[in-house]
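Student: I have the model open and would like to go through it piece by piece. Can we start with single residues and then zoom out?

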Number of protein chains: 2
Amino acid sequence: MKTQYFPPEWAFEFHGHRCPFMPIGYRMGKLALECLGVEREKDHGFFVFPEVGIGHPQTCMLDGIQAATGATYGKLLMEKTFYGKLAATFYHPQKGAVRFSLRAEFIDEMGKFEFFAYRKKGIEPSEIPPAVVDEVINWVFEQPDEFIFKIEPKPDFKFSPVKGSFNKMKCSVCGEYVFERYIRIKDGNPVCIPCSEYEKR
Amino acid sequence: MKTQYFPPEWAFEFHGHRCPFMPIGYRMGKLALECLGVEREKDHGFFVFPEVGIGHPQTCMLDGIQAATGATYGKLLMEKTFYGKLAATFYHPQKGAVRFSLRAEFIDEMGKFEFFAYRKKGIEPSEIPPAVVDEVINWVFEQPDEFIFKIEPKPDFKFSPVKGSFNKMKCSVCGEYVFERYIRIKDGNPVCIPCSEYEKR
């Protein structure tokens with residue numbers, strides 16, 4: 001095995017199925033923490049910008065990154081850039097930024113495994129024979145980091161999270177609480193965005 | 001205890017700290033699955049649209065929802081609506097949709113706990129005394145579902161995921177793979193969005 005970074009069993013449980021991309025994301029996340037010299041994020045101080053988008057495969061990487069780094073979507077620490085690329089930039093305000101991307105040669109080699117023939121037929125990961133799934137997962141574990149990842153320091157990377165506020169108000173139409181930033185005004189009264197009808201749903 | 005839906009220890013490990021909102025999201029997610037009559041999602045067939053945004057607290061709910069339902073950000077099954085509200089719509093193509101929101105009375109009662117005094121002073125959850133954290137978590141466990149959640153069936157809710165494609169191409173500038181939907185053309189050649197410089201970063 002060329003890596004020490006195997007996802008714990010709970011990361012597979014979180015993700016819902018076994019596939020090669022969650023473990024690749026887990027490994028990428030662990031290497032990024034190591035590279036920047038930071039611990040897994042408990043609270044709200046480490047950010048990840050994965051370059052994936054929608055309408056394409058292999059985004060499962062992001063669940064591995066969440067599991068490895070603690071930079072979760074729920075803590076507002078992860079946002080996609082919608083570039084359609086298998087890469088991510090990891091940023092810590094005191095430690096700087098690093099970008100990890102998957103090398104084209106690695107993607108080409110991995111694409112030859114039977115797992116992807118099933119996926120391209122539309123068969124969901126949980127329905128693919130376990131031996132076929134494990135074959136590609138184990139092959140990835142055996143590849144060296146340098147074959148899988150291109151790693152680029154990003155000294156000029158900048159990101160400032162928005163200033164947060166606890167202030168909230170009740171929508172005058174539905175009565176539900178709305179955080180202040182999202183309050184709109186209609187006929188002189190505070191309303192939530194859906195009640196405002198200012199945005200097409 | 002008024003609920004059977006306590007997050008497993010791995011969900012706290014995934015989230016990174018103990019707080020009341022991850023468990024509230026976990027419970028909301030479990031109740032939504034129950035309400036729609038579906039199992040935790042292994043693959044890509046169940047969608048959640050949380051109404052939270054950025055720049056406000058209590059979004060930790062989303063990590064509980066990911067853990068409970070398997071509708072993860074990495075599988076492209078969860079997207080925020082940016083309404084700044086503590087609510088989420090759960091959608092299964094065959095079973096329909098249901099919206100869960102937190103009742104204003106519940107939010108007001110919960111807001112009286114010392115946990116929030118710490119948070120408003122900017123103290124991170126992992127730095128708050130464990131007894132203060134557990135006090136509010138346990139109080140929530142003791143509240144009945146009806147006091148916490150408003151539940152609304154959404155028979156008219158519609159959502160169609162975009163059609164996915166495995167097609168990809170190398171960017172003619174950086175040489176990295178890009179999924180087809182995100183390829184742009186510059187000087188007659190295929191490029192990725194960052195290399196195109198068509199979008200300000």
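Student: Is A:Phe82 buried, partly exposed or exposed?

Tutor: A:Phe82 is partly exposed, because its relative accessible area is 33%. Buried means under 20% relative accessible area, exposed means over 50%, and partly exposed is in between, with a 1.4 Å probe and protein chains only. This is a predicted model, where local features need pLDDT of at least 70, side-chain atom pairs count only at pLDDT 80 or more, and totals for chains, interfaces and linings use all residues. Residues are numbered from 1 along each chain as its sequence is written, chains are lettered from A and ligands numbered from 1 in the order in which they are written, and side-chain values use heavy atoms, with hydrogens and water left out.

Student: Where does A:Phe82 lie?

Tutor: In the loop between H3 and strand E2 (87-92) of chain A. Helices (H or I, at least four residues) and strands (E, at least two) are DSSP runs, numbered from the N terminus.

Student: What is phi of A:Phe82?

Tutor: Near 60°, which is a positive value in a residue other than glycine. Most residues other than glycine have a negative phi.

Student: Which residue in chain B has a positive phi and is not glycine?

Tutor: B:Glu197 is one of them, with phi near 55°. B:Glu197 lies in the segment after helix H8 (193-196) of chain B. B:Glu197 counts as exposed because its relative accessibility is 63%.

Student: Back to H3 of chain A. How many of its residues are buried?

Tutor: 9 of its 9 residues, so helix H3 (residues 61-69) is mostly covered. Among them are A:Met61, A:Asp63 and A:Gln66. The residue that follows H3 in chain A is A:Gly70, with a positive phi near 75°.

Student: And how much of chain A as a whole is buried?

Tutor: Of its 201 residues, 53% count as buried. Chain A has 8 helices and 8 strands, and its C-alpha atoms fill a box of roughly 65 × 40 × 30 Å along the principal axes.

Student: What about A:Phe21 and A:Phe116, how do their rings lie?

Tutor: Their centres are 6.4 Å apart and their planes are at 80°, so this pair is edge-to-face. A:Phe21 is in helix H2 (residues 21-36) and A:Phe116 in helix H5 (residues 114-120) of chain A, 95 residues apart. A:Phe21 counts as buried at 3% relative accessibility, and A:Phe116 counts as buried at 5%.

Student: Which rings are linked into a cluster?

Tutor: Ring pairs link A:Phe47, A:Phe49, A:Tyr91, A:Phe157 and A:Phe159 into one.

Student: Which charged residue lies over the face of A:Phe12?

Tutor: A:Arg18, at 4.5 Å from the ring centre. A charge sits over a ring if NZ of Lys or CZ of Arg is within 6 Å of the ring centre and within 35 degrees of the ring normal. The charged end of A:Lys121 sits over the ring of A:Tyr118, 5.3 Å from its centre.

Student: Last one. What does B:Pro125 touch?

Tutor: Leaving out residues up to four places away in sequence, B:Pro125 touches A:Asp43, A:His44, B:His17, B:Arg18, B:Arg119 and B:Val133. Contact means heavy atoms within 4.5 Å. B:Pro125 is in the loop between helix H5 (114-120) and helix H6 (130-142) of chain B, and counts as buried at 4% relative accessibility.

Student: Where is B:Val133, then?

Tutor: In helix H6 of chain B. B:Val133 is buried, with a relative accessible area of 4%. B:Val133 and B:Cys19 are 114 residues apart in sequence and 6.2 Å apart in space, C-alpha to C-alpha.

Technical notes. Phe/Tyr/Trp six-rings, centres within 6.5 Å; stacked < 30°, edge-to-face > 60°.
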